[in-house]
Amino acid sequence: MLYCQIVDKVAMQIAIPNNTKIHSLDWNKQDGYIAVGGDSGLLKVLKLDSGNDAGFKTRKLVATSNLSMNQTLEGHSDTIQVLTWNEMHKKLTTSDSNGVIIVWMLYKGAWYEEMINNRKKSTVVGMSWSSDGQKICIIYEDGAVIVGCVGGNRIWGKELKHTALCGVQWSPDGKLLVFALKNGELHLYDNQGNFVMKINILCHDSQYDPTPIIGLAWYNGTGGLMHSMCPTLALCFENGKTQLMRNESDPIGVARSKMFHIDDNPTGAVDIIEDLDSATKIPVSCHQTVDPICCLTSTDTCLVIGRESGLLQYYVLPHIVLTNRFKIPTRPHKITINCNSTKLSVIDVSGVMTVIDISAGTGRPSANAEGNQLERKDVWAMCWASDNPQLLAIMEKTRMYIFKGMYPEEPVACSGYICSFNALEVEAILLDEVIDNPEKPTKDYLIKLEIKSLRDTRQLIEKVGINEAAQFVEDNRHPRLWRLVAEAALKEMNLNMADACFVRAKDYANVQFVKKLRSVNNEAIREARVATYFRNFDQAEKILIEADRRTSAIEYYELAKNTSKIIDCYYYLEDWKNLEIMIDQLPEGDPILKKIGDMFASNAVHMEAVKAYTKEGKVKPAIDLCIDHNRWDVAIDLAKKYNITKISDLLVKYTNHLVEKNQIMTAIDINVQAKFYLQAAEHAFKLANMEAAKPNRNLTRVKKHYVYAARLVEMHKSLSPTGQIKNCFEFKPYQLVYFLGENPNYDPLLYDNAWRGAEAYHYFILAQHQLYNGKIHDALCITYKLQDYTDFVSESEIYSLLMLTACLDRSFEICSKALIKLKSLEN
């Protein structure tokens, strides 16, 4: 039987034909496929889909899970031992005990055999795809290692003699391979099969205790990392020990701990500290228990472990002493403890929830009798309130119940998975909707449900009054309820009631807030501060403006037609919308437009300031403002429109200044923004040449620089309909600099051969790529072509590569000429 479980809820049980034993299982997390392998060549691909019924979503009910694929793949005849997904290319690779390897591909919604391989010498014990899905490493029991590409070609193979392998993983960057050995050792190789080192085993002495490695994982970072020093490499041993490492060279691992067997009876923290301080090996019992662990939970004072027999073991923390045992009839599925560690709630495999009083284990008297024990059926989720030990939220089918002690409130229809229970609010997330649309989740998937006492308090405040609500809260005390009444009193400016309620809520900050309100004599300012407390900033601003009487002043100024004063009032009120309207209303050339432009400019509102300056007829201040804020595109457009030439000279001088300060990229960006593409291309080529001259240059990065420079030249050509440089006499002065840059005598190499640098490094990279992929003759042909690009790639590099490829291709004449050329070079 295969159990498919989603978070806390068993969604589906899938029967395997003839009760065939399952040996391997892998989940394609990206597309949701599950691959299952078992005896007699059984291989199935399953896929779970959540129901998309809109009616369920509207009512926030549970969406049913459907098995959208249940395909049996035929091709293996013996036990499926290893299977792995290539999520990047949507392929499944499987292997059986006969050594037969099959690669399956998805075609028109079904899985078909794409290729098959049988080494016929040994059994495959491990397979792993690189994180980019381009390479697969296959290891055999006899020590053979094969690395192939996604297309099916073999890249390299190696025989590790006298080495029994049992696992393999790629490093996140695909540059290293780690092999797990049956004797418990871990060996590191590079991606070409060269031995690098042995990885330190820290959790036990592998030399004297050869415990096999049964689990190996190297996280590739696709889901993100909390920080750079997160553990990414995990090893699991047959004796139950686990080693976490930050990287392959981590000398200390993540932590050292004392391990207990579930059948042990720990005596306290003193013995543990002595064991950890001791330099000798810490003894650990490794026998197989007849009653395995199935769930656990803990607080800062206790740890409870559930076992398959229904036994619950209670440990006191931090002393780590087994002090009590509880028993339930069936296997527990989930357990959790309330906030003061007095009650334990248990959901068993049949969905029955039981609440057990564990206060005796913490030194408190037990209050619950056997008959008063809370028990509910069909429960699949539960959560205790973090601030009240009596409140418990549970999910029964599609209903949420809130219990206060033994008594439930009215249920609420909901299918959310409970995240938290705090301040009389249950927060839940609609995971079915999130799974349907994982790339674009919205806040609507997160819901908050208030418990009855909070809802009743709100209704009393709205319909009856504050005094009656305060009396109700007196009978149902909680800081959240007192705070609710206090805020209602604040809205009515009843400071005495607000102060008293904040004191009962133990909210010292708001007690001080009320104290400051008492000291404010101006009623308007007091109301504005209360509006600010409720984050109603628009209302607070409105109250303060009305108190300042600037609105009344505007009305008088409009009657007096005093435009200058009206503008001053709008500025002090920060009424930018009306200031912009004033620009449209004022006639061209009005001197007040400069005043409005200065107001916008002082607050970095560029476009409105430019609009005001140009309408007044002052183009130079508008251009200067654009230049000061690096808005060269607007400045150039203004220069074209009003036929101003000095803007081009200023841009050239500023560009040269940036180049002298070694801020070449900034200079390029400014010229691109101003559409001076040829001048930008000139500096881009300089930057590319500087990158190419570095001793340890990155070839791909150099190529990108040359491509970018060439693209700038192409963008410059697109400005001319013919793609050619026009006659200089056809241009106005500002246009001449616009097309030709600072120097009208443009460089033909820059303009007509813009792509040579990109071509040179493209061939240089391609030749080496072909060489490393074993395509020697192709590499030779490309390297031979590189002789035409000695102005970009050094002769020593070209002829060294030519010599090597010619020698490997057995083209000794070309090799000889390359050697002669190398010998003639001065360096």
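Trainee: How many strands does the open sheet with the order 35-36-37 have, and which pairing, parallel or antiparallel, does this sheet show?

Mentor: In general, the strands of a sheet pair through backbone hydrogen bonds, and the pairing is either parallel or antiparallel. In this predicted model, the open sheet with the order 35-36-37 has three strands, and the pairing is antiparallel. Its edge strands are strand 35 (417–422) and strand 37 (446–450), each of which pairs on one side only. Averaged over the sheet and with direction ignored, neighbouring strands are turned by 25° against each other.

Trainee: How many bridges join strand 36 to strand 37, and which residue of strand 37 stands opposite Ala428?

Mentor: Strand 36, which covers residues 425–429, is joined to strand 37 by five bridges, and the two run antiparallel. The residue of strand 37 that stands opposite Ala428 is Ile447.

Trainee: Turning to the cysteines, how many disulfides does the count come to, and how far is the sulfur of Cys383 from the closest cysteine sulfur?

Mentor: A disulfide is taken to be a pair of cysteine sulfur atoms within 2.5 Å, and by this rule the count comes to zero. For Cys383, the closest cysteine sulfur is that of Cys419, at 8.7 Å, which is too far for a bond. Cys807 is likewise in no disulfide, with the nearest cysteine sulfur, that of Cys815, 4.8 Å away.

Trainee: What do the totals for the protein come to, in helices and strands, in buried residues and in accessible surface?

Mentor: The secondary structure comes to 27 helices and 37 strands, and of the 827 residues in the protein, 44% are buried. The accessible surface is about 44,700 Å², with 51% of it belonging to carbon and sulfur atoms. As for contacts with a separation of 6 or more, 44% of them are accounted for by residues 24 or more positions apart.

Technical notes: Residues numbered from 1 in each chain as written. Predicted model: local features only at pLDDT ≥ 70, side-chain atom pairs only at ≥ 80, totals over all residues. Heavy atoms only, no water. Helix = DSSP H or I, 4+ residues; strand = E, 2+ residues; numbered from the N terminus. Buried < 20%, exposed > 50% of the residue type's maximum accessible area, 1.4 Å probe, protein only. Contact = heavy atoms within 4.5 Å. Areas by Shrake-Rupley, 256 points an atom, 1.4 Å probe, with all protein chains shown as cover. Pairing = 2+ DSSP bridges. Axes fitted to C-alpha atoms, helices over the stretch in contact; angles between N-to-C directions.
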